[in-house]
Amino acid sequence: MTVDPGPAALHIDALRRARASARIGHTILYFDSVDSTNTVAQRFAMDGAAEGTVVIAETQTQGRGRLGRTWISPPFRNLYLSVVLRPPIATAVAPQIGLVAGVAAVDAAREWVSQAAVKWPNDVVIDRRKVAGILTEMDADGDRVRFAILGIGVNLNTTAEDFPDDLRDKAIGLCTAAGRPIDRVEFADHLLSRLEEHYDLFLREGFAAIRPLWESRASLIGRHVRIDAHTQRVEGVVAGLAADGALLLRAADGNEVRVVVGDVTVDGGYR
Ligand code: BTN
């Protein structure tokens, strides 16, 4: 007889051992429950935490998503982490960090499910459902970034029945797509390794080196989409990314439209 051991805490010592000599994850601060790992990481960064410090929690009581949304954070199943970064870049290009992380998160997810793709700006989707989201927040010194907090939430072992009704057809756990439970330490190690790799490339060669990687992993190039931002709506066919990371659409009148913020919806309801 097999017995389901139920949800278990992350083997944080194993993750710490795996990341001990890495640039991202050399220091891992682990909590049972926090309001938001981004808020906690921000506090540590204010107090001087080094680049590459990672905050992980088993659950968040006020997990934040993009555009003021809530990130639902049930305990023991998923990954909620925030990374302190100190990139020597201007605030104007800080959103590119989220795109870098999107590429890293897709590559990590592809170790389990090859169809994982990035949906602008940096959601990871499988079969039109969201598996991971990224929220980048920053602190500035004039027009330079003092630090950026890169928050990543990944639905790893949440099954369809665990999602609230309104998310069931929009979100998916990596376990469902992979057909087996996901080892959270293994996933976190892959994610942080891929992040380190792509972040290094970004610092060495700039966003020009990341852009083709993002485009080759994108789910919507060539698709007709609608984008809602604040009170504005634009429509067009996704052409790719601009040199600065804005999304480029070809509108019906042939003009190119740049989008810097918003939520992408595909014809037929893919959100
Ligand atoms: C989104 O897709 O809307 C972004 C979601 C980001 C969620 C993660 S979970 C870890 C970190 N802490 C937060 O409060 N948010 C991010």
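1. Start with the second largest pocket. By class, its lining comes to 14 nonpolar, seven polar and four charged residues. (Ala, Val, Leu, Ile, Met, Phe, Trp, Tyr, Cys and Pro count as nonpolar, Asp, Glu, Lys and Arg as charged, and the others, Gly among them, as polar.) This is a predicted model, so bear in mind that local features need pLDDT of at least 70 and side-chain atom pairs count only at pLDDT 80 or more, while totals for chains, interfaces and linings use all residues. Residues are numbered from 1 along each chain as its sequence is written, and side-chain values use heavy atoms, with hydrogens and water left out.

2. That second largest pocket has a volume of about 560 Å³ and is lined by 25 residues, with Ala-94, Pro-95, Gln-96, Pro-121 and Val-260 nearest its centre. On terms: the search runs on a 1 Å grid over the protein atoms alone, where a pocket is an open set with protein on both sides within 12 Å along at least five of seven lines, a cavity is a set of points where a 1.4 Å probe fits but cannot get out, and lining residues have an atom within 4 Å of a point. Grid points are joined across faces, edges and corners, and a volume is the space filled by probe spheres set on the points. Strand S6 gives the largest share of this lining, five residues, and helix H3 (95–110) also supplies at least two. Helices (H or I, at least four residues) and strands (E, at least two) are DSSP runs, numbered from the N terminus.

3. Now the largest pocket, at about 750 Å³. Its lining has 40 residues, and Arg-69, Thr-70, Trp-71, Lys-130 and Leu-167 lie nearest the centre. S6 turns up again with the largest share, here four residues. Elements that each supply at least two residues include H2, S3, strand S5 (123–126) and strand S12 (263–266). By class, this lining divides into 16 nonpolar, 14 polar and 10 charged residues.

4. How is the chain divided? Into domain 1 (12–216) and domain 2 (224–266), with bounds that come from an automatic or database domain assignment. Their centres, taken over C-alpha atoms, are separated by 24 Å. Across the boundary, 11 residues of domain 1 are in contact (heavy atoms within 4.5 Å) with 14 residues of domain 2. The largest pocket draws at least three lining residues from each domain, and the second largest pocket likewise draws at least three from each.

5. On to the seven-stranded sheet. This open sheet has the order S1-S2-S3-S7-S6-S5-S4, with mixed pairing. Strand S1 (28–34) and strand S4 (117–119) are at the edges with a single partner strand each, so one side of each is left without a neighbour in the sheet. Neighbouring strands here are turned by 20° against each other on average, direction ignored. Two strands pair if DSSP finds at least two bridges between them.

6. Within that sheet, strand S3 (residues 79–85) and strand S7 (residues 144–154) pair in the antiparallel sense over seven bridges. Ser-82 stands opposite Gly-151 in S7. Helix H2 (residues 37–46) lies across S1, strand S2 (54–60), S3, strand S6 (129–141) and S7, and runs at about 150° to S7. Axes are lines fitted to C-alpha atoms, for helices over the stretch in contact, and angles run from 0 to 180 degrees between N-to-C directions.

7. The five-stranded sheet is also open, in the order S11-S10-S9-S8-S12, with antiparallel pairing. S11 and S12 are its edge strands, each pairing on one side only. Neighbouring strands are turned by 45° against each other on average, direction ignored. Strand S9 (residues 232–241) and S10 pair over four bridges, with Gly-240 opposite Leu-248 in S10.

8. A look at the hairpin of S10 and S11. Strand S10 (residues 247–250) and strand S11 (residues 256–259) pair in the antiparallel sense over four bridges, and the bridge partner of Leu-249 is Val-257 in S11. Which residue of this hairpin takes a positive phi? Gly-254 does, near 90°, in a hairpin with five residues between the strands.

9. Last, the cavities. The count comes to one cavity of 30 Å³ or more, and the largest cavity has a volume of about 40 Å³. Trp-120, Trp-214, Ala-218, Leu-220, Ile-221, Val-238, Leu-247 and Val-264 line the largest cavity. By class that is eight nonpolar, no polar and no charged residues.
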